[in-house]
Amino acid sequence: FLVHLRSAMAPPPKKAPVKGKVVTKKKATAKFNIDCTTAETDSILDVADFEKYLKERIKVDGKAGNLGDKVAVSKDKGKIVVTAESAFSKRYLKYLSKKYLKKHQMRDFLRVVSTNKATYELKYYNIQENDDDAGDD
């Protein structure tokens, strides 16, 4: 009975494509920033070295250092700009940034914080020392 009912239902008519209009697919480009100005002004971090690290470590199609035309890493004063034409995760940049900080023993002083939708910033940890608890005995 169901087979007979399905065959009786005709598929909806397909609309003819509109002639004269060319549909172009827009390339989804993602642009992310890593703001290193605070660490650079204190001369803790070398932005050129960090940029080089990212160029070597970012994986495209499963291979590190295979940026090609899909991913561009550039330096703009104290900021690093990563522009990707393919699917690219902002979280992946945070992962690589933390890995770089750990490699250079800066992970104890700096943290990677998202300031807006497309930007990460390297900030110092807020450490308040309590002088009240110092040994007065």
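Visitor: Is K70 buried or exposed, or something in between?

Guide: K70 is partly exposed, because its relative accessible area is 36%. Buried means under 20% relative accessible area and exposed means over 50%, with partly exposed in between (1.4 Å probe, protein chains only). This is a predicted model, in which local features need pLDDT of at least 70 and side-chain atom pairs count only at pLDDT 80 or more, while totals for chains, interfaces and linings use all residues. Residues are numbered from 1 along each chain as its sequence is written, and side-chain values use heavy atoms, with hydrogens and water left out.

Visitor: Which side chain does K70 meet in a salt bridge?

Guide: The partner of K70 is D61, at 3.2 Å from N to O. A salt bridge is a side-chain nitrogen of Lys or Arg within 4 Å of a carboxyl oxygen of Asp or Glu. D61 counts as exposed, because its relative accessibility is 62%.

Visitor: How many salt bridges are there in the whole structure?

Guide: The search finds three. One of them joins K55 and E51 at 3.5 Å, N to O. Another joins E56 and K52 at 4.0 Å, N to O.

Visitor: Where do K55 and E51 lie?

Guide: Both are in helix α3, four residues apart, which is about one turn of the helix. Helices (H or I, at least four residues) and strands (E, at least two) are DSSP runs, numbered from the N terminus. E51 counts as buried, because its relative accessibility is 12%, whereas K55 is partly exposed at 36%. E56 and K52 are also four residues apart in helix α3, so about one helical turn separates them.

Visitor: Changing topic, how many helices and strands does the chain have?

Guide: The chain has four helices and seven strands. Along the sequence, their order is α-β-α-α-β-β-β-β-α-β-β.

Visitor: And the largest nonpolar core, how many residues has it?

Guide: That core has 28 residues, and L45, L54, I58 and V71 have the most contacts inside it. A nonpolar core is a set of buried Ala, Val, Leu, Ile, Met, Phe, Trp, Tyr and Cys residues joined through side-chain atoms within 4.5 Å. Among the elements that each supply at least two residues of this core are β1 (30–35), α3 and α4 (90–103).

Visitor: What is I58 in contact with?

Guide: Leaving aside neighbours within four places in sequence, I58 has contacts including V71, V73, V82, F88 and L96. Contact means heavy atoms within 4.5 Å.
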